Structures are given as C-alpha cells and as structure tokens.
Amino acid sequence: MRIKSIILLAVIIVAGIGVYLFSSNSKSNVLIGKGQISKVETMVQLCTIDFLNEVPVKDTIDNWELFGIQKQRGSVSFDIENLKVESGNDTVIIELPAEIIEINESTDDNSWQPVDSKDLRTLRIAKAPAELYTRLKQKSIENSKAQLYQNGVVARARKEGAQSLQALMEKVYRKPVKVVDPTPEGAHCDEYQ
Amino acid sequence: MKHLTFCALGLLLLCSCSNNDNTGLYQEIKSVDKMVFASMAITKTVLNDQENLFGRRYAAYSYDTYMRAYIDLSSLQMDDLQFDDNDKTVRVTLPPVVAELTGRDIEMREVYKNTTGLRGDLDEKEIAQLQEQANSDLKKEIEENPMFKAHLTDVAKRKARKYFESIFESNGYTASIDFKDNTPNNDNDEN
C-alpha cells in the first residue's frame, strides 16, 4: 500500500514536471507593424502651458477596485485662427478665445503600469477585464482636467496667452494691442467645479 | 523587486481608500510660447500570437500616437519682420518649425481576437507590455525615418504661410514668409 502511494506520488510529480516543461516551452510571437500616418490636421493654436503628470489612478468600476500608475502629457492652447479683432485708430482690441485642454498618455517609457485589481464580489485579488482599465484611465484624464482649473493652471495659461498674443499682434499691427479676457478663470471652469 | 514594490503600494492604496483620488506622484508644468500649425496621428498595430499545451491565443491591437509641429514664438524678434511701407510689403522670417510627440491614445483598440483551448484573454499587464514594445519601436522608427517629421513640418509651413499672409493682408500688406533653419539646438523632439 505504501509503495503504491509512493509510486502514485512519483507519477504525479513526473507528470507535473512534464506539463510544466511543455507549457513553459510555449511559442510566443509579437509582430509590430510599421507606423502609418492616419490623420493630418492643420490649425493655428497658441500653446502656453505644457505639462507632464505622473498620477496614481484608482477607482471602483463595476465592482472592481483598480489601481495603476499613468504618465500623462498635455497642454493648454488657444485657437487663434479666427480671433475677434476690433481695429481702432490707436489700439487693436482682441478677445482671448476659450482654452483647449489636451491630455494624452505620455510616450515616455512605462507610461502605463496597471498595478493591481480586486474583485469586490469575491474580495479576491484577480485580473480585471482590460476595458475597465480604459474607463479608469478616461476618468483619470477628466480628473486631471478638473485639477488644472482648481490649481489655477488654466488661469495662468490664459494670462500668459493674453501676453503672448499681445506681443505677437503688436509686431504684426505695429500699434498698441489690448487683449481682453472674458473668462480669466477658464471658459470651461464651471464644468469642472 | 520593482513589481513587489508596486504590488505593495497597490494593496496599500486599495485597502486604505476607495474614493477617486488623483494626487500626482510627479508633476511638471512649464510655460511655453508655441504656435502650433499641424498635428498628425500615427497608427501602430501589434499582433500577439501565443501557443502552448493549453491552447492558443491570437490578438491584434492598434492605437494612435500624436505629433505636432510648432514654431517657438519667444524667439521671433522685431528684426524678423521687415516692413516696406512704400510698397506695402513685409518680409517675415519665422523661427524654425519643430516637431514633437504629444502622447498616445489611452486605449489599445482590439482589432481581432481568437482564443482556443483553456487559454484566457490577454490581461491588462500583457496588453500594456505590448504597447510598451510598440511605443519603443515607433520612437525608433521616427528617429530613423525622417519622413514622419518632414511630412508634418511641410504641412505646418504651408499653414503658417497661409495664416501670416492672411493677417498681413487684412492689415494692407503683402507678406512673403520664410523660415529659419532647423539647427540641432532647436530640435526639441521628445524621443
């Protein structure tokens, strides 16, 4: 009886080693296609703030607690292609347009690191579906936009945008230019309060 | 060791609080004076094929990376604009057009997936690794193939000419627009 148990155990161990070796000897190929230009757009935008954020992103989505670390790269710009310009005899008056905030995931190395996830239904650490992480990152981008308003970064961008636009247009018009800002705290400030 | 640290940090944060929090680990905000004339999206596709005793999984993903082309307005001097009030012409020499990467999509779009046997779908960490490989490959490609930057800067120059000609025209002047050379010191490409 004891010999049979030992033999059975040995068979299980040998089989286990076999399965491990066989499965670890898996074939894995990664093919990366060449980059293709998919869209080209033209614009005239004045960019006054560039930023890089590294943020821990965590949230609860569909009964999953998710956590990762993301590097975001963004900017605050103004569309100056179609400005409202009032040209008087002595002074040119220009209205500063609404800000455009763009935030993407950075292209620096390791810009997205999914760290951990927990299934709240079973209270176990488990692998969450990939689409939940996409929603997590979308929410994180919105949070970062809100912070730009709350921390006064947008207000700073607008102030610097007005100064920069004034300097440029004074070179063009060769007379005093006044840039007026109807929303110094940000044109979309209310949406992110 | 790095993974263990991340896991420990993750567990700590997951246990401590479930509210949405976005406190930065690192933040760099800088004032710039860029006039952007063109942007470009570059699509990258990654195929992953894995096979072992338990089955096969094949998946294809794609995502876009963005570049933009700009001139640095802070280096535009009064000398760069030569007015001729008799002929009503102006000769403008703009700063060089510079191209830079501005980021990538947050989502890896699943183009195709085929999983057989007992294999599960790729998890987020595996997808992130694929994107990391594609990202390194793209940055190398942009470095080695000048076509990407050249195409973008050409488009930006055309737009810049059109824009400045138009604003000087509205001011009664005919403008001729040139650009300064793009020296290595002016190349701020993020690669």
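**Salt bridges within and between chains**

Biologist: Why does B:Arg68 count as buried?

Modeller: In this predicted model, B:Arg68 has 8% relative accessibility. Buried means under 20%, so B:Arg68 counts as buried.

Biologist: What makes the contact of A:Asp50 and B:Arg68 a salt bridge?

Modeller: Their side chains meet at 2.9 Å, N to O. The cut-off is within 4 Å, for a nitrogen of Lys or Arg and a carboxyl oxygen of Asp or Glu, so the name applies.

Biologist: How do you know that this pair joins two chains?

Modeller: A:Asp50 lies in strand E2 (residues 36–61) of chain A and B:Arg68 in strand E2 (residues 55–72) of chain B, so two chains are joined. A:Asp50, at 9% relative accessibility, is buried too. Both residues belong to a network of salt bridges that also links B:Lys34 and B:Glu100.

Biologist: What makes B:Lys180 and B:Asp80 a salt bridge?

Modeller: The N to O value is 3.3 Å, and the limit is within 4 Å, so this pair qualifies. It links distant parts of the chain, 100 residues apart: B:Lys180 is in the segment after strand E7 (174–179) of chain B, and B:Asp80 in the loop between E2 and strand E3 (81–84).

Technical notes: Residues numbered from 1 in each chain as written. Chains lettered and ligands numbered in written order. Predicted model: local features only at pLDDT ≥ 70, side-chain atom pairs only at ≥ 80, totals over all residues. Heavy atoms only, no water. Helix = DSSP H or I, 4+ residues; strand = E, 2+ residues; numbered from the N terminus. Buried < 20%, exposed > 50% of the residue type's maximum accessible area, 1.4 Å probe, protein only.
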